[in-house]
Amino acid sequence: MRREYPAVPVIAVGAIIRHQDRLLLIRRDKEPARGYWTFPGGAVELGESLEDAVRREVLEETGLHVELGDVAAVIDRVDRDEAGTVRYHYIIVDYHARPVGGVLQPGSDVSDARWVNLEDLGRLEVTANARKLARELLGDCGGS
């Protein structure tokens, strides 16, 4: 399935992993949003359940095993090129999750993975959706 200029939206998942007053973010090393910090996740593979996809993506990107909770958010992300043609279209289902094992280490398709608190968010280049969700979860509903 083509991710850039797709014929249909790509179904993807993400994990909002919380530990005490911190959330786990990864720095993307591939488009879309290369270089930006966001929650770990990726595309669902054919025949894979959403929950299995979340666990697989988190393990691949962070080295952590997670236990999943409820759905946290559903995001319809459409990025268009200069001509207005859809370049990327993702439907992302984000789950609440908590770490239950493994060792935090960035995987091959991320350049970094780290625990961040509310103060850290202001110093990182975070995607708009991840920043909004992170601020809400960490207790700061104001700010940009």
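Helices (H or I, at least four residues) and strands (E, at least two) are DSSP runs, numbered from the N terminus.

**Entry 1: ground rules.** I noted that this is a predicted model, where local features need pLDDT of at least 70, side-chain atom pairs count only at pLDDT 80 or more, and totals for chains, interfaces and linings use all residues. Residues are numbered from 1 along each chain as its sequence is written, and side-chain values use heavy atoms, with hydrogens and water left out.

**Entry 2: confidence.** I looked up pLDDT, the predictor's confidence in each residue, from 0 to 100. The chain has a mean of 93, and 97% of its residues reach 70 or more. Helix H1 has the highest confidence, at 98, and helix H2 (residues 118–121) the lowest, at a mean of 90.

Entry 3: Tyr5, in the segment before E1, has a positive phi of about 55°. For accessibility I used these limits: buried is under 20% relative accessible area, exposed is over 50%, and partly exposed is in between (1.4 Å probe, protein chains only). Tyr5 is partly exposed because its relative accessibility is 31%.

Ala33 also has a positive phi, about 65°. Ala33 sits in the loop between E2 and E3 and, at 13% relative accessibility, counts as buried.

**Entry 4: cores.** A nonpolar core is a set of buried Ala, Val, Leu, Ile, Met, Phe, Trp, Tyr and Cys residues joined through side-chain atoms within 4.5 Å. Which members of the largest core touch the most others? I found Leu23, Leu25, Phe39, Tyr90, Leu121, Val126 and Leu133, out of 21 residues. Two or more residues of this core come from each of strands E1 (10–19), E2 (22–28), E5 (64–80) and E6 (86–102) and helix H3 (128–137).

I then listed contacts (heavy atoms within 4.5 Å). Leaving out residues up to four places away in sequence, Phe39 touches Ala15, Ile16, Leu23, Leu24, Leu25, Ile26, Ala130, Leu133 and Ala134. A second, separate core has 13 residues, including Val58, Val93, Tyr95 and Trp115.

**Entry 5: pockets.** On a 1 Å grid over the protein atoms alone, a pocket is an open set of points where a 1.4 Å probe fits, with protein on both sides within 12 Å along at least five of seven lines; lining residues have an atom within 4 Å of a point. The largest pocket has a volume of about 580 Å³. Of its 30 lining residues, Arg28, Thr38, Gly41, Gly42 and Ile92 are closest to the centre. H1 gives the largest share of that lining, four residues.

The second largest pocket holds about 180 Å³ of space. Its lining residues include Met1, Arg3, Pro9 and Glu57, and E1 and H1 each supply at least two.

**Entry 6: Asp112.** I found Asp112 in strand E7 (residues 110–116). Is Asp112 partly exposed or buried? Asp112 is partly exposed, at a relative accessible area of 22%. Apart from neighbours within four places in sequence, Asp112 contacts Leu25, Ile26, Arg27, Trp37 and Pro106. Gly35 is 77 residues from Asp112 along the chain, and their C-alpha atoms are 9.6 Å apart.

Conventions
Grid points are joined across faces, edges and corners, and a volume is the space filled by probe spheres set on the points.
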